[in-house]
Amino acid sequence: MKLLVIEDEAGLRESIRDYFTEAGNVCETVSDHPAALQKINMYRYDCIILDITLPGGNGLDILRSLKQNHYPDGVLIISARNALDDRLKGLDLGADDYLAKPFHLSELRARVSAIVRRKSFNGNQQVIFNEIILDVEAKTVGVHGQTVKLTKREYGVLLYFIANKGKVISKNALAEHLWGDGIDAADNFDFIYSHIKNLRKKLIDAGCKDYIHSAYGMGYKLADQ
Amino acid sequence: MKLLDKYNRISILVTILVIVVTGFVYYFTISYILTNQVDKDLAVEENEIFDYVKFNHRLPQVFKSADLKIHFQPIGQNTVPRKFKNTPYWDERDREEESGRELLSWVKVNETNYSITIIESKVETEDLIRMIFFITLGIVLLLIIVIVTVNRLLIRNLWRPFYEILGQIKLFNLTDQNSIKDLKTDIVEFQDMNHEISAMTVRVRHDYLELKDFVENAAHELMTPIAVMNSKLDTLIQSSNLTERQGVLINDMYGTMTKLTRLNKAMLLLTKIENKLINDQEYLDLKKAIESTCSEFQDMATDRDLVLKINLTDVWITISHTLLDILLANLIGNAIRHNKTGGEISITLTNEALIIKNTGKYGALDEHAIFQRFYRSPESEGSGLGLTQAWQICQNCGFKLQYSYDEVWHVFTIILKTAV
């Protein structure tokens, strides 16, 4: 997929680019308002990651410009202002999603994948990883054509893992993704372990290879090897 | 004490004092004058006796009179000093003792000395004085009534601008938009006061907004560096050759980042709640909201082997959806987080109150400090703002949040309605 990151903070911009750049992905970056306008008028992207506060103008103007020209690019707004107003304004203007800073790169990636999937022309509602096939519409999982019964959380974990395949996902990121703000009440994320354990067991029982690995005790990784 | 009462008290006290003093002076003066008058009458009688003795060389015949008694007494060669004095007077007609005035004198008749005692009743004088006293008393009462009434009207009128300003100050709220209005008054002092208070509120509000902006901006500005650090950590863990030791360190850093983020978010949220910026009021099923919050926390409760006892009745309340979620998540989350392994949580909802009880690792908390910002038990990993948020939300919604400790239970009660 082809992405554009519009973000003025160099550290964050580079991290996002590093995280998304891999085989099959193109990730371009710009840091200010005029350059961003130039880019979006010249090229089309599967998804644009847009920061609202930019030097030289407001990120929402870029979104307006996109919508006025009827460009089909998916837009994900990232903002340090988690104000409800900003969020609603962005979504009203036609943004596909909104993510408040700070966020985990894995979360950003899962959101971007969802946007790109929704925007895809063939209306492909399937997420495929080797022999695992997820139907995001029906929220079902199949392995070798056989349905695997997963709980809501286990399904969420699997979808998140596949969106971030090959990447190490920290327990924090996973917990925040699955439990949202409610996770604030937890002092540790050990209870995630039981969900992962159950998911692995169910997949292996269905004849799937064991793709989920623990990484350095701080996270997990879904990978071929 | 109100200004009017204080003023009335002083002015009435002074009035009474002055009138009483005046009354005394009045009484003594009149009494003196009247006694003098009586003394003159007595002296006239004495002179008449002297004249009679001079021409007739014998004592005059004494006639009985209602208010005058003359009495002669032979005293040989002695004399008595001439003097006036007060004495009782027996009124035979009225058969009662009255006060009287006596003149003691003597006269020489044919070589024999006689003492003369002339007593005159002072009853009329007394009557006069009594009348004067009652009239004075009447005047005092009248004067007090007049003073109180006039003061009341006058002060109420004079001080009206003051009370108007006071009323405005009472209604003044830093977070509202309304300011102190100008007053129509021609009294310079009040104009001054109004003007100064007006200026002060403008200044205070300006400072407050600036401070609020600063807090909000500071919190927001922090979000970006936190986001960068977070993303760098996310990138760092993608490295293929990390050791277990490095993994533990990175995990700790994640933990700290999470804490920092939570703290920052909690501060922003608290500011928003305090400024009543969340206004998505709805008529909501409280029972359903509690059940959904509980199911969200189920994993954490199961992880710690907590027993959850829920007893809910159907209650609907009008509240912001966002705020209700925060309120329930904070209270139920606390009940789980501060519980001991294998402990219990009991949630009871009635029409009057929502009661969340939990067992805990430690004893009673300080019920006065518990809702203050950044108060937390030493072992708590939280931001110290969760209960402050909960308290503020209850405050905004007109509920009352209370804490108590009952044997083993930490009890948080939200009083939804005050008992009728």
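Leaving aside neighbours within four places in sequence, D97(A) is in contact with L76(A), R111(A) and I115(A), two residues being in contact if their C-beta atoms, placed from the backbone, lie within 7 Å. The model is a predicted one, in which local features need pLDDT of at least 70, side-chain atom pairs count only at pLDDT 80 or more, and totals for chains, interfaces and linings use all residues. Residues are numbered from 1 along each chain as its sequence is written, while chains are lettered from A and ligands numbered from 1 in the order in which they are written.

D97(A) belongs to strand β7 (residues 97–100) of chain A; helices (H or I, at least four residues) and strands (E, at least two) are DSSP runs, numbered from the N terminus. Because D97(A) has 20 C-beta neighbours inside 10 Å, it counts as buried. The cut-offs are 20 or more other C-beta atoms within 10 Å for a buried residue and 12 or fewer for an exposed one, with partly exposed in between, and the C-beta atoms are placed from the backbone.

Several loop residues of chain A show backbone features of note. Most residues other than glycine have a negative phi, and most peptide bonds are trans. The bond that joins K101(A) and P102(A) is a cis peptide bond, with omega about -5°. P102(A) lies in the loop between β7 and α5 (105–119) of chain A. H144(A), a residue other than glycine, has a positive phi near 50° and is placed in the loop between β10 (140–143) and β11 of chain A. H144(A) has 11 C-beta neighbours inside 10 Å and therefore counts as exposed. Y216(A), likewise not a glycine, has a positive phi of about 50°; its position is in the loop between β13 (212–215) and β14 (219–222) of chain A. With 20 other C-beta atoms within 10 Å, Y216(A) is buried. K149(A) lies in the loop between β11 (146–148) and α6 (152–163) of chain A, and counts as exposed because it has 10 C-beta neighbours inside 10 Å. The C-alpha atoms of K149(A) and L203(A) are separated by 9.5 Å, although the two residues are 54 residues apart along the chain.

In the contact between the chains, 33 residues of chain B meet 32 residues of chain A. On the side of chain B that touches chain A, at least two residues each come from α4 (188–236), α5, α7 (298–303) and α8 (321–337) of chain B. The element that gives the most to this side is α4(B), with 11 residues. By class, this side of chain B has 13 nonpolar, 11 polar and nine charged residues, where Ala, Val, Leu, Ile, Met, Phe, Trp, Tyr, Cys and Pro count as nonpolar, Asp, Glu, Lys and Arg as charged, and the others, Gly among them, as polar.

Within chain B, an open sheet of four strands has the order β1-β4-β3-β2, with antiparallel pairing; two strands pair if DSSP finds at least two bridges between them. Its edge strands, β1 (68–76) and β2 (83–91) of chain B, each pair on one side only. From one strand to the next, the twist averages 30°. Eight bridges join β1(B) to β4 (residues 112–121) of chain B in the antiparallel sense, and I116(B) in β4(B) is the bridge partner of F72(B). Helix α1 (residues 3–56) of chain B packs on the sheet and touches β1, β2, β3 (96–109) and β4 of chain B, its direction making about 35° with that of β3(B).

A further antiparallel pairing, over five bridges, links β5(B) with strand β7 (residues 316–320) of chain B; W316(B) in β7(B) is the bridge partner of D285(B). Of the five residues of β5 (residues 281–285) of chain B, the number buried is zero, so this strand lies largely in the open.

Helices α5 (residues 244–274) and α9 (residues 386–397) of chain B have axes that come within 10 Å and cross at roughly 15°. Axes are lines fitted to C-alpha atoms, for helices over the stretch in contact, and angles run from 0 to 180 degrees between N-to-C directions. α5(B) and α9(B) are therefore roughly parallel to each other, a term for angles under 35 degrees. In this contact, A266(B), L269(B), L270(B), I273(B) and E274(B) of α5(B) meet G386(B), T388(B), Q389(B), Q392(B), I393(B) and N396(B) of α9(B). The contact of α5(B) with α9(B) has five nonpolar, five polar and one charged residues.

Note on methods
Angles under 35 degrees count as roughly parallel, over 145 as roughly antiparallel, 65 to 115 as roughly perpendicular and the rest as oblique.
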